[in-house]
Amino acid sequence: MKVSDVFFSGNRFGYLFKKELMEDMKKNLMRCIVLFGIFLVLFLFVGFNSYSTNPYFSRTYDILWDFMTVFFMFGIFFGACLSATYITEKMKNKTGKISVMMLPATSFEKFSVRWLTYCIGFLLVYFLAFELAVWIRVLVFPKETINSFPVWRVITTGEFRTDEIVSSKQRQIVSIVIAVFWAMQSFFVLGSTLWQKNSFLKTAVALFALCAGIGLLVYWSSRLFIPNDFYKAEPESISEETALLMVSIFFYAIALFNTVLAYFRYKEMEVINRW
């Protein structure tokens, strides 16, 4: 049976996934160590400075949690976007493109393996490295810290304090942030298939230009076509919950569209850009 006769094969996918992990093990392991090292050095450095100058202590709150929350959110957005650009890392030159093309697997299987490794796999590594660095911080500062950082609570509720009541609106806002995360990452997945060299920088510039262009277009369109007394009119009867849900669906739709488009672009790369 030819490879092209079957769109997806579990056995072939498993073989390809194992092959990718083994070939890129040293490189990806080095990236994991660097990520963990950044977390550990930063947490210990900030801990030494903060705990020595601030005597405040509580059983429900750690003085570093504000910093860790901001750093966690910034790091996961930046790291996920950077990791997404590695999907086409092996196709930056002629030799790499031919090597990928000759693999006995369909384009869907190749793209899926790379997407799982550098999008989903990154999240697992990020959470593991973050938690490990946090627990080492707890061991280094046993009297000042309060167990571990509540990562799961921050992700699901946007709140790290266990004594705070989380509203349904706050949970919906968190769901929007998660949808924005997947949408933003999908832009860099698509960018990696458009620009094999310096794809992160080029995608970031293109995304900024796109957002700025859309913002200016909406602004000038509203000035030209919307009457001045429009905002004084009574708003339509749409609930805040429905509006937030529609925003989440919009960003998830963007993420799905970009990922599907990136797959077809990846498929074209094997044929068009291999020379």
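**Loops, a helix face and a lone cysteine**

Asn198 turns up in the loop between helix H7 (168–194) and helix H8 (199–225); helices here are DSSP runs of H or I with at least four residues, numbered from the N terminus. The model is a predicted one, with local features needing pLDDT of at least 70, side-chain atom pairs counting only at pLDDT 80 or more, and totals for chains, interfaces and linings using all residues. Residues are numbered from 1 along each chain as its sequence is written, and side-chain values use heavy atoms, with hydrogens and water left out.

Most residues other than glycine have a negative phi. Asn198 is not a glycine, yet its phi is positive, at about 55°. With 56% relative accessibility, Asn198 also counts as exposed (over 50% relative accessible area; buried is under 20% and partly exposed is in between, with a 1.4 Å probe and protein chains only).

Helix H4 (residues 94–101) has Gly96, Lys97 and Val100 as its buried residues. These cover an arc of only 100° around the axis, so they sit on the same side of H4; the arc is taken over the directions from the helix axis to the C-beta atoms. In an α-helix there are 3.6 residues a turn, so residues three or four places apart point the same way.

Past that helix, Ala105 lies in the loop between H4 and helix H5 (107–140). Ala105 counts as buried at 10% relative accessibility, and its C-alpha is 7.6 Å from that of Phe13, 92 residues apart along the chain.

As for disulfides (pairs of cysteine sulfur atoms within 2.5 Å), a search of the whole structure turns up 0. Cys119 is in none, the nearest cysteine sulfur being that of Cys81, 9.5 Å away. Cys119 is buried, at a relative accessible area of 0%.

Key. Helices (H or I, at least four residues) and strands (E, at least two) are DSSP runs, numbered from the N terminus.
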